[in-house]
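My entries follow in the order of looking.

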Amino acid sequence: MDEKTHIIYQMLSQKYRKQALNKKELSQELGISVSSINYYLSIGINLPEYKKLNSRNIGGNGGKVLFPVSEVAKYLAETNKVY
């Protein structure tokens, strides 16, 4: 992890005190709406790597999506988003 990514990771870790962000938290960090996050996920636009937890629904839709803090920090550092 490079220095910029590490600094962003530390800031996010202190702010959220957990290992992964939900869509709402990610939207706040990226400065976009949750609707935009959902849209980007549906069409495959570049977002931080994420983990989708399985839904209990038969169709499999609606599972919870979590974005590891380390991946969010990496994404922010690589996309030159200023913190």
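I counted a residue as buried when its relative accessible area was under 20%, as exposed when over 50%, and as partly exposed in between, using a 1.4 Å probe and protein chains only. On that basis, buried residues make up 30% of the 83 residues in the protein.

I note that this is a predicted model, in which local features need pLDDT of at least 70 and side-chain atom pairs count only at pLDDT 80 or more, while totals for chains, interfaces and linings use all residues. Residues are numbered from 1 along each chain as its sequence is written, and side-chain values use heavy atoms, with hydrogens and water left out.

I then read the elements along the sequence and found the pattern α-β-α-α-β-β-α, where helices are DSSP runs of H or I with at least four residues and strands are runs of E with at least two, numbered from the N terminus.

Next I turned to α2 (residues 23-30), whose buried residues are E25, L26, S27, E29 and L30. Their cover includes α1, β1 (20-21), α3 (34-43), β3 (65-68) and α4 (69-78), contact meaning heavy atoms within 4.5 Å.

For the pairing with α1, I noted that L12, K15 and Y16 in α1 meet E25, Q28 and E29 in α2. By class, this contact has 2 nonpolar, 1 polar and 3 charged residues.

Last, I checked both ends of α2. At its start, a side-chain oxygen of N22 reaches to within 3.0 Å of the backbone nitrogen of K24, and just after α2, G31 takes a positive phi of about 75°.

Note on methods. Nonpolar A, V, L, I, M, F, W, Y, C, P; charged D, E, K, R; others polar. Polar contact = N/O pair within 3.5 Å; in protein donor to acceptor, adjacent residues only side chain to side chain.
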